[in-house]
Amino acid sequence: MRQSLVSAAVQKALVVALALSLPAMGSAQAQELRLLMVEQAGCYYCRVFNRDIAPVYEKSAEGQAAPLVHVQLRGDLPEGVVLNTQPFVTPTFILIGPDGAEIERLTGFPGEDFFWPYISDMISTAQAGLAQ
């Protein structure tokens, strides 16, 4: 009997601890950056990026810090996303902060030699700003 009371008390304590940790987990997830890729059908550079870079990006440190989200140029934005201006060139890569606001963008795809350092710098700068 005593063991079942202890077990019930431990289970209750775990449930309370889990309930208290949920808001903290939510705020950690809320700090996530996202990289929007604005694209459209028929865009040659979008196809090249999706073929050559996107699969690698998803596995990279940059992809872990700011997951890639594909959106159509004339489609709806993800809920809560606010852009400074409407993109008009595809692809356009827009770094989105935890509050859904645009932080910075790269218009066009100038090739992977330029893309990787530029995106890496965008993400590093954003992370440093969020850490303050």
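Contact here means heavy atoms within 4.5 Å. The structure shown is a predicted model.

**View 1. Residue L35 and its contacts.** Residues up to four places away in sequence are not counted in this view. L35 touches Y57, A66, P67, L68 and V69, and its contacts also include F93, I94 and L95. I119 and M122 complete the set of residues in contact with L35.

**View 2. The largest nonpolar core.** This core has 23 residues, of which L35, F49, Y57, F93, F115 and I119 touch the most other members. Two or more residues come from each of β1 (34-39), α2 (44-52), α3 (54-59), β3 (92-96) and α5 (112-131). Helix α5 provides the largest share, six residues.

**View 3. Strand β3 and its two covered faces.** In a regular strand, side chains alternate between the two faces of the sheet. T92, I94 and I96 lie on one side of β3, F93 and L95 lie on the other, and all are buried. Five of the five residues of β3 are buried, so the strand is largely enclosed by the rest of the structure.

**View 4. The strand partners of β3.** Strands β1 and β3 run antiparallel and are joined by five bridges. Within this pairing, L36 has I94 as its bridge partner in β3. Strand β4 (residues 102-107) also pairs with β3 in the antiparallel sense, over five bridges. Here I94 stands opposite R105 of β4. Five residues separate β3 and β4 in a hairpin, and G100 in the turn has a positive phi of about 90°.

**View 5. The two salt bridges.** A search of the whole structure finds two salt bridges. One of them links E102 and R105 through their side chains, at 2.7 Å from N to O. E102 is buried, with a relative accessible area of 11%, and R105 also counts as buried, at 18% relative accessibility. The other salt bridge joins D52 to R51, with the closest N and O atoms 2.7 Å apart. D52 is partly exposed, with a relative accessible area of 35%, whereas R51 is exposed, at 56%.

**View 6. Cysteines C43 and C46.** The structure holds zero disulfides. C43 is buried, with a relative accessible area of 9%. C46 is likewise buried, with a relative accessible area of 1%.

Terms used:
Residues are numbered from 1 along each chain as its sequence is written. This is a predicted model: local features need pLDDT of at least 70, side-chain atom pairs count only at pLDDT 80 or more; totals for chains, interfaces and linings use all residues. Side-chain values use heavy atoms; hydrogens and water are left out. A salt bridge is a side-chain nitrogen of Lys or Arg within 4 Å of a carboxyl oxygen of Asp or Glu. Buried means under 20% relative accessible area, exposed over 50%, partly exposed in between (1.4 Å probe, protein chains only). A nonpolar core is a set of buried Ala, Val, Leu, Ile, Met, Phe, Trp, Tyr and Cys residues joined through side-chain atoms within 4.5 Å. Helices (H or I, at least four residues) and strands (E, at least two) are DSSP runs, numbered from the N terminus. A disulfide is a pair of cysteine sulfur atoms within 2.5 Å. Two strands pair if DSSP finds at least two bridges between them.
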